[in-house]
Amino acid sequence: MRLAILDSGHGLGTKALFALIHAVSRQPVLDVIKLVKYRADFYGRPMQGVTQEAMRGPSAWSVGDRELMAALVAKTNACEWCTKAHTATAEGAYRNEAKVSAVLFDLETAPIDEPLRAMLRAVRKLTREHGVSTDDMRAVLEAGVSREQIEDALAVCFAFNTVARLADAFGFYAPGRKAFQAGAKYLLARGYR
Amino acid sequence: MADIRQARKALVVRVLEGDGRASHTQRRAAFDNAGLAEPVSTLIQKVAMHAYKVTDEDFAAARTSGLSEDQIFEIVVCAAIGQATRQYEQALASLEAATRRN
């Protein structure tokens, strides 16, 4: 990571926690954990409140749908780290790797329902162009997505348009697939708290 | 429906108005991506618009300008939240307009 404090500036209690995570998971502690645990009162704890609600709060979108949105936000931001992390989590949530790969490869031909496709188009546009038009939003509504569902998807966009920027700016180290799968398993069991 | 309004507001208030090592003015400027001098303005512009282009040199330049690691940590966090906030609020406004005309 580009800031040494994010790698090794944590308090002793947090360092002990990292040692425990490493011992139990047999995987390196993911850089996102190091980020949220560094001076957690500044960013980590308040952000976890947002992310937990966006990703695991009540919603007509499934956990898999929201993880897929997160993966698409990450991919559109060209954030390799977050793309790998949330691809693994979406695959785990759906128990379907092909579906997630298909969406990330070509949204237009992927085997998903039309309301989700319409929502994902808007998610991608908002991320890529930093905004969406009234017509864009109307197209999503006309595809059968409720206003509440759109707000839920925008919450996912807020969370991961923040996190993807931080992952790339701070230079998160991307470990192997097994580490991301272990992270995904944790996120599906415990959420973002 | 998931409701992030309170949690998001608390996050923004915390990073902009709470205690920190960077000044409130610096944090606000990074959040707004406006009113920063070089070389920090380049770093913050990249974080906001294309974070994958951030380099080690951008961080080195920020350090050379006199910022500590904690100050850089804070302003980068503010820049990321600021851009995500502008996107989010713009999209909510478009949704509001689309719903009104329906």
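Predicted model: local features only at pLDDT ≥ 70, side-chain atom pairs only at ≥ 80, totals over all residues.

Trainee: OK, chain B to start. How many helices and strands are there in it?
Mentor: Chain B has five helices and zero strands. Read from the N terminus, its elements go α-α-α-α-α.

Trainee: And what does its C-alpha trace span?
Mentor: About 55 × 30 × 20 Å along the principal axes of chain B. The chain has 102 residues, and 44% of them count as buried.

Trainee: What about contacts inside chain B, how far apart in sequence are the partners?
Mentor: Take the contacts between residues at least 6 apart in sequence: 60% of those join residues at least 24 apart.

Trainee: Now the two chains together. How many residues are in contact?
Mentor: On the chain B side there are 40 residues, and they are in contact with 46 residues of chain A.

Trainee: Which element of chain B gives the largest share?
Mentor: Helix 5 of chain B, with 22 residues. The elements that give two or more residues to that side are helix 1 (5-17), helix 4 (56-64) and helix 5 (69-101) of chain B.

Trainee: How do the residues on that side divide by class?
Mentor: The side of chain B that touches chain A has 25 nonpolar, seven polar and eight charged residues.

Trainee: Let's move to the core. Which residues touch the most other members?
Mentor: The largest nonpolar core has 91 residues, and the ones touching the most other members are A:V123, A:V156, A:C157, A:F160, B:V47, B:V76 and B:A79. Helix 10 of chain A gives the most to this core, 15 residues. In soluble globular proteins, nonpolar side chains tend to be buried together.

Trainee: Can we zoom in on A:V156? What is it in contact with?
Mentor: Ignoring neighbours within four places in sequence, A:V156 is in contact with A:A54, A:M55, A:R66, A:M69 and A:A70.

Trainee: So how does helix 4 of chain A sit against helix 10 of chain A?
Mentor: The axes of helix 4 (residues 44-56) and helix 10 (residues 147-170) of chain A come within 9 Å and cross at roughly 140°. That makes helix 4 of chain A oblique to helix 10 of chain A. Their crossing is left-handed.

Trainee: Which residues meet there?
Mentor: From helix 4 of chain A you have A:V50, A:T51, A:A54 and A:M55, and they meet A:A155, A:V156 and A:A159 in helix 10 of chain A. By class, that contact has six nonpolar, one polar and no charged residues.

Trainee: Where is A:R26, and is it buried or exposed?
Mentor: A:R26 lies in the loop between helix 2 (12-25) and helix 3 (31-37) of chain A. It counts as exposed because it has 10 C-beta neighbours inside 10 Å.

Trainee: What about A:R39, buried or exposed?
Mentor: A:R39 counts as buried, because 21 C-beta neighbours lie inside 10 Å. Its phi is also positive, near 40°, and its place is in the loop between helix 3 and helix 4 of chain A.

Trainee: Last one: is the peptide bond from B:E38 to B:P39 cis or trans?
Mentor: It's cis, with omega near 0°. You'll find B:P39 in the loop between helix 2 (24-32) and helix 3 (40-49) of chain B.

Notes:
Residues numbered from 1 in each chain as written. Chains lettered and ligands numbered in written order. Axes fitted to C-alpha atoms, helices over the stretch in contact; angles between N-to-C directions. Helix = DSSP H or I, 4+ residues; strand = E, 2+ residues; numbered from the N terminus. Parallel < 35°, antiparallel > 145°, perpendicular 65-115°, else oblique. Left-handed = near helix turned anticlockwise from the far one by under 90°. Contact = placed C-beta atoms within 7 Å. Nonpolar A, V, L, I, M, F, W, Y, C, P; charged D, E, K, R; others polar. Buried ≥ 20, exposed ≤ 12 C-beta atoms within 10 Å, placed from the backbone. Core = buried A, V, L, I, M, F, W, Y, C linked by C-beta atoms within 7 Å.
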